[in-house]
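Hello,

Here is the structure you asked to look at.

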Amino acid sequence: MRICLLRITTLLCFVVSACALLHANEPYGLNLQGATVQELGGPGIRVVVLIFAASDCPISNRYVPEIARLNREFTRQGVRIWWVFPNPEDNSSTVAEHNHAFAITEPTVLDIRQHLVHLAHVTTTPEAAVFRSSGDVLREVYRGRIDDRYLSIGQERPQPQQHDLEAAISATLADKPVPQSGGPPIGCSIVSLQK
Amino acid sequence: MKRIRSIAAVAALAACIVLLSHPRDSTVYGANPRPSQAPAAASPGVGKLATIRSQSGPTWSGDVASVLYKNCATCHHPGGAGPFSLLTYADARRWGPQLMTATQSRFMPPWLPEPGYGDFADVRRLSDHERDLIKQWVLAKMPQGDPAVAPAPPRYDANWLMGKPDLILKVARPFTLPGGGTDAFRNFILPYPLKQTHYIRAMEIRPGTPQVVHHANITIDRTGNLRRQFPNDWQNGIAGMELMVDAGNRFDPDSHFLFWKPDTPALVEPAGMPWRLDPGNDLILNMHLKPSGKPETLDAEVGLYFTPDPPAKQPMLIDLERDDALDIPAGDANFVVDDSFTLPVDLEVLGVYPHAHYLGRDLQGWAILPNGEKKWLVWIRNWDIDRQAVYRYKEPVLLQKGTVLHMRYTYDNSSTNIHNPHSPPVRVRAGNRSEDEMAHLWFQVLPINVQPGAPDPRLLLEETWMRNRLRKTPGDQVSLYNDAAALAGEGKFAEAVSAFEQELNQSPHDVRTLTALGAALEGAGEWQQAQQRFRSAIDAAGTDDASACDPRFDLASSEFHHGQPEAAAEFRTEVAACPEDAEALTGLAQIEIEANQSTQAVQHLTTAIRVDPSFADAHEQLARAYAQSGDLQGALAELEKAAQLKPDDATVHSGLSQVLAATGSLQQAIDEQRAALKLLEDDADGWNNLGVLEARTGQVPAARDAFQHALRLDPQHPQAKSNLARLQSQN
């Protein structure tokens, strides 16, 4: 499995062929049982979605029902959605407790070295990254907000008008140009591992 | 007479930091500010000066902790309403970037009023200096500084802030808020379980899960009407943003903003201004709830703190409103409504509560003083229903009679208003759903400079308020009724009759209006017509015994006062149909006492007191019945209860004096009679009775003074004349 890193600069980024191979032999992180996660995709998986989250981030938590909805919608179409917890405070017991409280059923990875943060170039929780999965190559085709419900701190719509992540997954599945995020992700900064 | 009250139990307010963001373009302020984007100290070529600035820049221990403790920690502590704690350095560092964003945009702390447009108490707006401190601290990578100089963190007790309440009311059933979806507005009914009236000096609301509660508003339902409207559902809470409740049958206007927001969990009323709960009242707890992502259980409870002292001051809530004019075209980004209200009395404005829903943008309230000067009362430039609040003035704002209150609200129904619930925008009118709109500006006012003996000035306010509503919405039934009822309360019976008749044109068979019209006619001296109206009301009620209770009572009372023998039968009919009507039972007992049927009277009065232990008239009449049957101790006990319930009623003290005199306690009897005369100075009978008691205890000069006082008030008072003559002949 390889991850192809793309700087997303155009609406047609998925056609950009340049990519870099990184960390080919390193695991992506740990699951909640403490085992290493070696594979994000797998047989039959066409799209991998990472949802970067933090157990103590209110906006990230408010998206749990929306992610569950997307998972229900896409899981049979070869889409695998992962919750990724990159913050140092989010250890396995904290996240297990959190996932139980929020009834999270999607697979979860603890990004203990923040490899996924760096690979996906995310800064915020919640923030989504969408990868086209082809063979053992993951190519990032979307990175950014889940939808436009939050425009900034304190600027919140009653309900979203633009479902950016959903549109990105659908476009990827349909092999169409992937529309990019219409605005910055709003939430909580991912905490650095450096003290 | 009954009165309908239209009050917004209304919506939403303010949380402390609830939303957090970290826009991508602001990574400079992230958890790991890049050196090149940190303060100038790290920039090449800045040199020594910048280094000094860096070293002397703000630290958490020396600067930031005290700002957070003072302005944020009320909500942001473990178990508090904020979504995270800000009590430690680690906390502050964790949330530093969001602190900076939220304070720079003034999203936090929540405070909507524009400074300089109303001088409010408990202002939560950060000073520019405080905002700058936070910003500089975050930009400097959030240094801790010397922990030894950090202030001690505030302590938050998980228990009631003001100690154990005198009474705790809980929702009937816990409510589960779904994890997702839009905000929810829910009304929980908390019946007041006690059998006596209490005055409330303070209240604390514990929502159960404060993190999902934007705000809560309590309305008092004096009649339990809402609970009866939802006999099967009220225990689960009733969905809805605003409510209209029936205010019962006496003029008892809402007087207090019972508004809760996360940073003010305990609501303490000013001295002399407690609010009141009577047996049979319900509290309606209206909550604006924001889903958290997982199902949350709310098990709200309300703590009440009593005071034995009844209110010395009677404030009132009034509002400017333009719901009638709200018809906002889709896409209109600048829809304006205005209202104004000329004050009929001098008053003090104690607080203000602006209210709109999601389309409101710019909310202004001001007064034009009689000299033409404009005085701002509140201005919110960027309305946000989520952070709404009641604002109380630092000092009461004195406004003279003739001052004109104004409101001007501007609405944005375009797609650029991110709060717009409709996408694409649609035409929006007034209504109580969150996607409807409202235009209200409530004030808590306290009438002042009231002339002795003048009618309750709140009646005049009510009349003016309702006339103002009728000017905007001619024929509005609630306004017509309340206007007429206020006129009747002021003793303007002829005008009240005319106003009730106007309302009756619209609904000729309305039992309540027919009854109220009868009462106004009775007040105007047209008692035969009054009785006709009461009979029409009874006919209109048909087989609905409950709604016939009031007109039957009024008819029986009228017959009783006019010496008509049918009164007894009418009261009996009413008691048979409305066996729990304490007033009817007491009225019937009064007739029985006059007919020397004290045994029946005692029986009916005992039932009345069981139904309503705080009904002072029933205790007073029971005392009469006991006295009539020779049970003076029983009479004394009942009068003492009546005096506790109605300490300002001269008749009760006078009655106590008579019973005490009959038991031989002459000095106590004199004291009670003096107390009665203090409350009712121009009572010639009372002065005569005092003279008799004083003469019996040998206080001849005092007795003479008392008789002379009675004769000054009524020169022809026969008993006082003869008593004075007798006194002078004996001495």
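This is a predicted model: local features need pLDDT of at least 70, side-chain atom pairs count only at pLDDT 80 or more; totals for chains, interfaces and linings use all residues.

Chain A has 195 residues, and 48% of them are buried. Its secondary structure consists of 12 strands and five helices. If you take the contacts in chain A between residues at least 6 apart in sequence, 70% of them join residues at least 24 apart.

In soluble globular proteins, nonpolar side chains tend to be buried together. Here the largest nonpolar core holds 242 residues. The members that touch the most other members are A:Val49, A:Leu50, A:Ile51 and B:Ala484. What does A:Ile51 contact, once its neighbours within four places in sequence are left aside? The list is A:Ile67, A:Ile81, A:Trp82, A:Trp83, A:Val84, A:Pro126 and A:Ala128.

Next, the two chains together. On the chain B side, 33 residues are in contact with 36 residues of chain A. That side of chain B is made up of 14 nonpolar, 15 polar and four charged residues.

Chain B itself is divided into four parts: domain 1 (46–149), domain 2 (160–307), domain 3 (316–449) and domain 4 (541–730). The centres of domain 1 and domain 2 of chain B, taken over C-alpha atoms, are 33 Å apart. Between these two, six residues of domain 1 of chain B are in contact with five residues of domain 2 of chain B. The domain 1 side of that contact has three nonpolar residues, two polar and one charged.

Regards

Methods: Residues are numbered from 1 along each chain as its sequence is written. Chains are lettered from A and ligands numbered from 1 in the order in which they are written. Two residues are in contact if their C-beta atoms, placed from the backbone, lie within 7 Å. Ala, Val, Leu, Ile, Met, Phe, Trp, Tyr, Cys and Pro count as nonpolar, Asp, Glu, Lys and Arg as charged, and the others, Gly among them, as polar. Domain bounds come from an automatic or database domain assignment. A nonpolar core is a set of buried Ala, Val, Leu, Ile, Met, Phe, Trp, Tyr and Cys residues joined through C-beta atoms within 7 Å. A residue is buried if 20 or more other C-beta atoms lie within 10 Å of its own, exposed if 12 or fewer, and partly exposed in between; C-beta atoms are placed from the backbone. Helices (H or I, at least four residues) and strands (E, at least two) are DSSP runs, numbered from the N terminus.
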